[in-house]
Amino acid sequence: MQKQDWLTGLKVIYPVLISYVPLGLAGGMVLYDAGFNAPSILAMSLLVFGGAAQFMAASMVSMGASISAIITMTFFLNLRHLLMSSSMSGFIKKPSLPFVLFFSHTLADESFAINYNQFNNHKWTANKALSVNLLAYLTWALSTVAGGLIGSSWEIDTTIVNYVLIAMFISLLISQFVSKLYVFVGLTAGVLAVAFTILLQHTIALVLAAIVASFIGYFTDEYLLSRKEQTRNEEMKYD
């Protein structure tokens with residue numbers, strides 16, 4: 001990759017990187033408290049690269065869960081990465097196998113959202129997309145190691161951590177509001193997420209809300225396109 005690819009990637013991913021630092025520090029501290037040392041935290045961040053999975057693993061280790069149980073839960077928690085990586089294949093033409101493996105491994109929710117938006121709305125390349133992945137990947141790994149080194153000598157208020165996480169996702173969501181339909185789908189997903197969470201009392205509610213809102217957005221878009229086509233045909237008929 002060229003220097004320009006890195007600079008372009010940094011320009012679009014830097015809000016996420018800023019959010020990654022306190023989250024990574026908190027994650028490293030939680031892992032340290034669970035018994036992980038700095039090298040093992042680095043190895044875990046490089047191999048797993050999943051904030052939620054690493055927080056969950058730290059909790060399960062503290063409760064004495066087996067390695068197989070932790071691996072199984074991590075697999076299901078990160079199963080969505082399979083769909084995200086597959087959707088990227090439509091934008092990256094004829095990549096080499098090493099590129100596919102490395103790109104898929106370094107893909108996260110945030111880098112996926114940014115790359116998907118860039119591929120759809122801007123001139124984006126595979127190298128720029130990979131630079132976004134790698135910058136997020138390295139920032140997260142180094143932040144967790146720093147958190148592990150700081151250890152118990154510095155504690156982060158979990159209220160602040162939650163605020164940073166929410167602010168980061170709001171920033172990513174707003175960047176995708178390129179039309180009224182996107183705003184409508186985003187608001188619909190938010191309302192459904194609250195309703196499903198109250199009804200189901202389970203985090204699967206968030207997945208269901210995203211799926212249902214996507215279908216609503218798809219059918220709404222189809223309806224609007226058909227109305228637009230019908231209006232155009234009527235205008236041509238009277239002309």
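**Phe 49.** I looked up Phe 49 and found it buried, with a relative accessible area of 4%; buried means under 20% relative accessible area, exposed over 50%, and partly exposed in between, with a 1.4 Å probe and protein chains only. Phe 49 sits in the loop between helix 2 (38-47) and helix 3 (51-62). I took helices (H or I, at least four residues) and strands (E, at least two) as DSSP runs, numbered from the N terminus. Although Phe 49 is not a glycine, I noted a positive phi of about 45° for this residue.

**Basis of the entries.** I am working with a predicted model, in which local features need pLDDT of at least 70 and side-chain atom pairs count only at pLDDT 80 or more, while totals for chains, interfaces and linings use all residues. Residues are numbered from 1 along each chain as its sequence is written, and side-chain values use heavy atoms, with hydrogens and water left out.

**Whole protein.** I recorded 11 helices and 0 strands. Read along the sequence, the pattern is α-α-α-α-α-α-α-α-α-α-α. Of the 239 residues, 36% count as buried. I then looked at contacts, meaning heavy atoms within 4.5 Å. Among those between residues at least 6 apart in sequence, 75% join residues at least 24 apart. The protein exposes about 14700 Å², and carbon and sulfur atoms supply 68% of it. Accessible areas come from the Shrake-Rupley method with a 1.4 Å probe; for residues, only the protein chains shown count as cover.

**Asn 115.** I located Asn 115 in helix 7 (residues 109-121). Asn 115 counts as buried because its relative accessibility is 0%. Its side chain makes a polar contact with the side chain of Trp 124, at 3.0 Å. A polar contact is a pair of N or O atoms within 3.5 Å; within protein, one must be able to donate a hydrogen and the other to accept it, and residues adjacent in sequence count only if both atoms are side-chain atoms. Leaving aside neighbours within four places in sequence, I listed Met 88, Phe 103, Trp 124, Ala 129, Val 132 and Asn 133 as the contacts of Asn 115.

**Second largest pocket.** I read about 250 Å³ of space in the second largest pocket. Of the 13 residues that line this pocket, Asn 78, His 81, Leu 82, Ser 104 and His 105 are the closest to its centre. On a 1 Å grid over the protein atoms alone, a pocket is an open set of points where a 1.4 Å probe fits, with protein on both sides within 12 Å along at least five of seven lines; lining residues have an atom within 4 Å of a point. Grid points are joined across faces, edges and corners, and the volume is the space filled by probe spheres set on the points. Helix 4 (67-77), helix 5 (80-88) and helix 6 (97-105) each supply at least two lining residues, and helix 5 gives the most, with 3.

**Val 145.** I found Val 145 in helix 8 (residues 126-150). Val 145 is buried, at 16% relative accessibility. Not counting residues up to four places away in sequence, Val 145 touches Ala 38, Ile 41 and Leu 42. Val 145 and Gly 27 are 118 residues apart in sequence, yet I noted 9.0 Å between them, C-alpha to C-alpha.

**Leu 187.** I placed Leu 187 in helix 10 (residues 180-200). Leu 187 counts as exposed, at 58% relative accessibility.
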